Amino acid sequence: MSNVTRLSEGHRYMGQKMDSLSDPDEALIAAVARGDAAATQALVSRKLPRVLSLARRLLSDAIEAEDVAQEALLRMWKQAPHWVPGRARLDTWLHKVAVNLCYDRLRRRKDTVDANEVELVDTGANPTQRLDQQQASAQVEAALNALPERQKLAIVLCYYQELSNIEAAGLMEVSVEALESLLSRGRRQLKALLSEQRTDLLGGGPPAKDRKPELKLVTSKLSAS
Amino acid sequence: MITQPMTSDRFEAIVEAYGANPNRWPEAERDAARAFMQREPQVARALMAEARGVDALLGSLAAPEPSDTLQWEVLARLMPAAVVEKVADEHNVVPFVAPHRPKSRVMWLAGGLAAACAAGVIFGVNLGLASTADLRAEDVLVAANYSDVDSW
C-alpha cells in the first residue's frame with residue numbers, strides 16, 4: 001500500500017510555478033467574491049464536471065465523489081473573497097483541494113489497492129461474448145486503482161484532467177522530471193496489467209478459446225496502523 | 001540561440017509519459033517533437049503506435065457527468081435559498097434544495113438493515129417465548145394426567 005499524503009494547499013509554491021500562466025478564471029472569481037449570483041452559477045457549471053471527474057477517478061465511488069465535489073466547490077466559494085490574483089490558478093488550487101479531500105477519504109477508508117491485489121480470474125462462463133464498453137471501463141478502472149497512488153494521481157491529472165505538465169508537477173510538489181517518471185511508470189504498469197485484455201478492450205480480440213482470464217479487482221481492507 | 005533537434009530518446013520519453021496526442025506533450029517541446037516526427041517518421045510512428053494503445057485504454061473509461069440534482073445541491077449550499085429559487089425560476093425548474101443531505105446512502109441502507117434485524121430478533125424471541133409457554137402448558141397438563149393416574 002502506498003501512503004496517501006495530503007498536498008500543501010498554500011499558494012506560495014504553486015505561485016512560484018504558475019507565475020508565467022494567466023488565469024482564465026480571475027474575473028469569474030472576482031465576480032463571485034462580489035456576491036454575483038450569475039457568476040456563482042457559472043462557476044458551478046464550469047468547475048463541477050472537472051472536480052467530479054477528478055474525485056470519481058481517485059475514489060472510484062460515485063456518491064463519495066459527489067460529496068467531495070460539493071465540498072471542494074464550497075471551499076472555493078468561501079475562498080473567493082480572499083483570493084489574491086496572480087498567486088495561483090484557481091483551477092490548480094481547486095484540484096489541490098479536491099485531491100486532499102479525496103486523500104482524506106481514502107485514508108479513512110484504508111482500502112487502497114496495489115498491483116498484488118489484482119488477481120486473474122477465469123470468467124469463461126460465456127467466452128464468445130465480446131467485452132462491452134461497461135466491462136472495458138470497469139477493467140481499466142480496476143487497473144488504475146491498482147497503480148501506486150502517485151502514479152495514478154499523475155495519470156489522472158495529466159490525462160483525464162488535462163493539466164499541463166507544469167501544473168500537475170506543481171500540484172504534486174514534484175519536478176517535471178519526476179512527474180514524467182511517474183507517468184511513464186504508471187502507463188507501463190497499466191499496459192502490463194491490461195496486456196491480456198488489451199486486444200479485447202480495443203476490439204478485434206482473439207478467438208474465444210484463446211481468451212486469457214480477465215482482470216478482477218480485489219479490494220482488501222487494510223487494518224489501521 | 002541555436003536549439004538542438006530533439007533526439008529519438010527524448011521523443012520516446014515524451015511519448016511514453018504523455019501519450020501519442022501532441023496536445024498533451026509539454027508545450028515547450030511540442031514544436032521540436034513535431035519536427036522529429038517530420039524528420040524520422042518511421043521511428044516516430046513505431047513509438048506512437050505503442051502509446052496509442054495505452055491512450056485508447058485510458059480513453060475507454062467514461063467521464064462522469066454531474067446530474068442536475070447535484071448542480072442544484074451545490075448552488076443551494078453556495079447561495080441563499082431566495083437566490084437559488086430566483087435562478088431556478090429563470091430556468092423554469094424546481095430546485096432540489098437539500099443543503100445537508102446524508103453523508104452516505106450506505107448509512108440509510110445500514111440503518112434499514114439494522115431495523116430489519118432488530119424486528120427479526122424481537123419477532124423471533126416472541127415466537128420463542130410463545131412456543132416455550134405452550135410447551136410448559138403441555139407439561140402441566142401431562143403432569144396433571146399423571147397425578148390423576150397416581151390418585152387412582
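This is a predicted model: local features need pLDDT of at least 70, side-chain atom pairs count only at pLDDT 80 or more; totals for chains, interfaces and linings use all residues.
Q: What makes α1(B) roughly parallel to α3(B)?
A: The axes of α1 (residues 8–18) and α3 (residues 41–59) of chain B cross at roughly 20° and come within 9 Å. Angles under 35 degrees count as roughly parallel, and therefore α1(B) is described as roughly parallel to α3(B). The crossing in which α1(B) passes α3(B) is right-handed.

Q: Which residues make the contact of α1(B) with α3(B)?
A: From α1(B) come Ser8(B), Phe11(B), Glu12(B), Val15(B) and Glu16(B). From α3(B) come Val43(B), Ala44(B), Leu47(B), Met48(B) and Ala51(B). By class, these residues divide into seven nonpolar, one polar and two charged.

Q: Why is α9(A) called roughly perpendicular to α1(B)?
A: The axes of α9(A) and α1(B) cross at roughly 70° and come within 7 Å. Angles of 65 to 115 degrees count as roughly perpendicular, so α9(A) is placed in that class relative to α1(B). The crossing in which α9(A) passes α1(B) is left-handed.

Q: Which residues of α9(A) meet α1(B)?
A: Glu180(A), Leu183(A), Ser184(A) and Arg187(A) in α9(A) meet Ala13(B), Glu16(B), Ala17(B) and Tyr18(B) in α1(B). This contact has four nonpolar, one polar and three charged residues. Glu16(B) is also one of the residues through which α1(B) contacts α3(B).

Q: How do you know that the span of α4(A) agrees with its number of residues?
A: The helix has 18 residues, which at 1.5 Å a residue should span 26 Å. The end C-alpha atoms of α4(A) are 26 Å apart, and therefore the two values agree.

Q: What makes residues of α4(A) buried, and which are they?
A: A residue is buried if 20 or more other C-beta atoms lie within 10 Å of its own. In α4(A), the residues that count as buried are Glu64(A), Ala65(A), Glu66(A), Val68(A), Ala69(A), Gln70(A), Ala72(A), Leu73(A) and Met76(A). These buried residues pack against α3 and α5 (90–109) of chain A, together with α4 (68–78) of chain B.

Q: How many residues does each chain give to the contact between chain A and chain B?
A: Chain A provides 36 residues and chain B provides 31 residues. On the side of chain A that touches chain B, the elements giving two or more residues are α3 (37–59), α4 (62–79), α6 (133–146), α7 (149–160), α9 (176–193) and α10 (195–201). The largest share of that side, nine residues, comes from α3(A). By class, the side of chain A that touches chain B has 20 nonpolar, nine polar and seven charged residues.

Q: What is the secondary structure of chain A?
A: Chain A has ten helices and two strands. Along the sequence, the pattern is α-α-α-α-α-β-α-α-α-α-α-β. Of its 225 residues, 40% count as buried. Among contacts in chain A between residues at least 6 apart in sequence, 77% join residues at least 24 apart.

Q: How many helices and strands does chain B have?
A: Chain B has six helices and zero strands, and its pattern along the sequence is α-α-α-α-α-α. Of the 152 residues of chain B, 17% count as buried. Among contacts in chain B between residues at least 6 apart in sequence, 48% join residues at least 24 apart.

Conventions. Residues are numbered from 1 along each chain as its sequence is written. Chains are lettered from A and ligands numbered from 1 in the order in which they are written. Two residues are in contact if their C-beta atoms, placed from the backbone, lie within 7 Å. Helices (H or I, at least four residues) and strands (E, at least two) are DSSP runs, numbered from the N terminus. Ala, Val, Leu, Ile, Met, Phe, Trp, Tyr, Cys and Pro count as nonpolar, Asp, Glu, Lys and Arg as charged, and the others, Gly among them, as polar. Axes are lines fitted to C-alpha atoms, for helices over the stretch in contact, and angles run from 0 to 180 degrees between N-to-C directions. Angles under 35 degrees count as roughly parallel, over 145 as roughly antiparallel, 65 to 115 as roughly perpendicular and the rest as oblique. A crossing is left-handed if the near helix is turned anticlockwise from the far one by less than a right angle, and right-handed if clockwise. The expected span of a helix is 1.5 Å times one less than its number of residues. A residue is buried if 20 or more other C-beta atoms lie within 10 Å of its own, exposed if 12 or fewer, and partly exposed in between; C-beta atoms are placed from the backbone.
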